[in-house]
Amino acid sequence: MTITIRPAQLSDSELILRFIRELAEYEKAAHEVEATTASIEQSLFGPQSVTHAVICEVDGEPVGFAVWFYTYSTWLARNGLYLEDLYVTPQKRGSGAGKALLKYLAKLAVEKGCGRFEWSVLDWNEPAIRVYRSIGAEPQDEWIRYRLAGDTLKAFADS
């Protein structure tokens, strides 16, 4: 079995959308997906994109993806790498594809001089949490994530 990771291309937009929908289904949030092939083409590959993606293949078959962007830490005065999504199809979980994606991004973070590599995980996703702990990642329990979105975001911006 050969695991390869390659940069995502515009022609992968439909595949990425399929992976996003599968991930949302797994996370019990399929109803929240607003992404379309066209919006992925624009947001990931358009001229204003600040987001990056890779496709993971096992023996030449696409089995997963990762999407990330760079953040900034004022305390470190350095960029960080934030993993927005990582997904591996159920049939290939346990194959090492997920860890390969994480290692790829960790190496990228080191090469780019990032001070941090961070992501979020749903508190009930024990299989993912086990993988993250196995590579030495630690939860940041002292921070609580906040979000403004949709109508609430617009209402606050307009206030």
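F19, F65 and Y87 form one aromatic cluster in this predicted model. Residues are numbered from 1 along each chain as its sequence is written. Because the model is predicted, local features need pLDDT of at least 70 and side-chain atom pairs count only at pLDDT 80 or more, while totals for chains, interfaces and linings use all residues, and side-chain values use heavy atoms, with hydrogens and water left out.

Across the whole structure, a search finds 6 aromatic pairs. Rings of Phe, Tyr and Trp (its six-membered ring) pair if their centres lie within 6.5 Å; planes under 30 degrees apart count as stacked, over 60 as edge-to-face and the rest as tilted.

How are the rings of F19 and Y87 placed? Their centres are 5.8 Å apart and their planes stand at 45°, so this pair is tilted. F19 belongs to helix α1 (residues 13-26) and Y87 to strand β4 (residues 78-88), so the pair ties together parts 68 residues apart in sequence. Here helices (H or I, at least four residues) and strands (E, at least two) are DSSP runs, numbered from the N terminus. F19 and Y87 are both buried, where buried means under 20% relative accessible area, exposed over 50%, and partly exposed in between (1.4 Å probe, protein chains only).

I turn to a second pair. F69 and Y82 are also tilted, at 5.4 Å centre to centre and 35° between the planes. F69 lies in strand β3 (residues 61-73) and Y82 in strand β4, 13 residues apart. F69 is partly exposed, at 26% relative accessible area, whereas Y82, at 14%, counts as buried.
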